[in-house]
Amino acid sequence: MPGSVAPLDLAGVTIPHHFRCPISLELMRDPVTVCTGQTYDRASIESWVATGNITCPVTRTRLTDFTLIPNHTLRRLIQDWCVSHRSLGVERIPTPKQPADAPLVRSLLASAAVGSVASRVAALRRLCALARESEKNRAVISTHETRSALLEIAFEGGEQPGCSDADQPALEAMAVLSMLPLSEAESAVVATRPERLHRLGEIVKGHPSSEARINAAAVIESVATGTRSAETRATIGGMDGVMGGLVALVEQPGNPRAVRVGIRGLLAMCLAKENRARAVAAGAAAAVVRRMGELSSSDLERALATVELLCRGEGGREAVVAGWGGGAAAVAALVRLMAWKASGRAAEHAAGALVAVLGGSEALQREAVAAGVVAHLLLMVQGGCSDRAKRKAQLLLKLLRPAWPYRDFIANSDDFIQAF
């Protein structure tokens, strides 16, 4: 096949045919060899296999093993060739990072389990770096065997987290766990052990390292989500330090990851009714409201879902209104957020929060109508949003009907009648 391909030029230089990927015909940056002995650029052969092909592109032989073996010798030859042609504008290809694979993960776990503190920390940091690199790496790392081993390391050393070198492997293991989902059984291994919950609470509440607090909060959210039990979430939320620690992360200026993890944790906690009053008491309402303007779309949805849940807890409505600086400001803000995407989940949660905020206040209901909320609600009813979102929009329309001066004008509208 290479002999049948005309030479290609790069910056006026002919690329040797054995340096080019047989699939893309371009200079290979990360050459890998498949089970048939043929070499391809990693991105090209991975794309080939991902689209359902199970044969070697060159030999047409069925691939019996999809393991990709890095061709280090060829990569170094390509790099040397690039360097020798640098004067002609050819850039040297960087050395690719080694992707995660099962043997590497097992080797790092073995090193993390025993040995000196320094060697254990080094292995765990390498595992953490692999997890951060790509979703593919996280999928390779996130096996039951790996997560179980990391959980044991993360909670070794008793209840009280320290700042000594001896405690570092536990914190590094928690950093890896913060990027992995936990199964229901794995979550129970944490949630049913008070000393482990206490340890998480102590870290998220007052560990001197911001990263350690964020990682512990992410593990708390994973445990709460993985249990699928409101009772267990209530137990976690009741642990000293948990709620206050999550709120402190949301309030951390200039740290988007801290804010994101804090909001996710609060949402997971507030799914249990018992935790809503605790979150309100910890200042969650004001903290989340203050961050609304800084969030991405997915984080904004979670923040609004948290606000809606907080409004259902004791003192929650008052705290949310106060966080926005008063009833009129809260109504205006929620209407603006609803307009952001009338058929999205953000609009649904904004509508749910508005139901609580407007309550029995005719003055605030008039404020909402003046802000244009009715048009957005009718769009939700008519649009492709979920049935739950439509029910919330219909409930809010009924609540606002007395405050709408044009209600008689469209009384015969099919859409309006359906909404009411």
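**Cores, rings and loops**

Modeller: Leaving aside neighbours within four places in sequence, leucine 377 is in contact with Met338, Ala351, Ala393, Leu396, Leu397 and Leu400; contact means heavy atoms within 4.5 Å. A second, separate core of 19 residues includes Met28, Leu63, Leu74 and Ile78. A nonpolar core is a set of buried Ala, Val, Leu, Ile, Met, Phe, Trp, Tyr and Cys residues joined through side-chain atoms within 4.5 Å.

Colleague: On what kind of model do these values rest?

Modeller: This is a predicted model, in which local features need pLDDT of at least 70, side-chain atom pairs count only at pLDDT 80 or more, and totals for chains, interfaces and linings use all residues. Residues are numbered from 1 along each chain as its sequence is written, and side-chain values use heavy atoms, with hydrogens and water left out.

Colleague: Which residues have the most contacts inside the largest nonpolar core?

Modeller: They are Trp324, Met338 and Leu377, in a core of 109 residues.

Colleague: What makes phenylalanine 19 and tryptophan 81 an aromatic pair, and why is the pair called edge-to-face?

Modeller: Rings of Phe, Tyr and Trp (its six-membered ring) pair if their centres lie within 6.5 Å; planes under 30 degrees apart count as stacked, over 60 as edge-to-face and the rest as tilted. Here the centres are 6.0 Å apart and the planes stand at 75 degrees, so the pair is edge-to-face. The structure holds one aromatic pair. Phenylalanine 19 lies in the loop between E2 and E3 and tryptophan 81 in helix H2 (residues 72–84), so the pair ties together parts that are 62 residues apart in sequence. Helices (H or I, at least four residues) and strands (E, at least two) are DSSP runs, numbered from the N terminus.

Colleague: Are these two residues, phenylalanine 19 and tryptophan 81, buried or exposed?

Modeller: Buried means under 20% relative accessible area, exposed over 50%, partly exposed in between (1.4 Å probe, protein chains only). Phenylalanine 19 has 6% relative accessibility and therefore counts as buried; tryptophan 81, at 11%, counts as buried as well.

Colleague: Why is leucine 25 called partly exposed?

Modeller: Its relative accessibility is 29%, so leucine 25 counts as partly exposed. Leucine 25 is found in the loop between strand E2 (13–15) and strand E3 (31–33), and has a positive phi of about 65 degrees although it is not a glycine.

Colleague: What makes arginine 228 exposed?

Modeller: Arginine 228 has 68% relative accessibility and therefore counts as exposed. The residue sits in the loop between helix H10 (210–227) and helix H11 (230–237); its phi is positive, about 55 degrees, although arginine 228 is not a glycine.

Colleague: How do you know that the span of helix H19 agrees with expectation?

Modeller: The expected span of a helix is 1.5 Å times one less than its number of residues. For the 14 residues of H19 (residues 345–358) this gives 20 Å, and the end C-alpha atoms are 20 Å apart, so the two agree.

Colleague: What makes H19 mostly covered?

Modeller: Of its 14 residues, 11 are buried, among them Glu348, His349 and Leu354. Glycine 359, whose phi is positive, near 45 degrees, follows H19.

Colleague: Where do the domain bounds fall?

Modeller: Domain 1 covers 17–88 and domain 2 covers 334–403, with bounds from an automatic or database domain assignment. Their centres, taken over C-alpha atoms, are separated by 55 Å.
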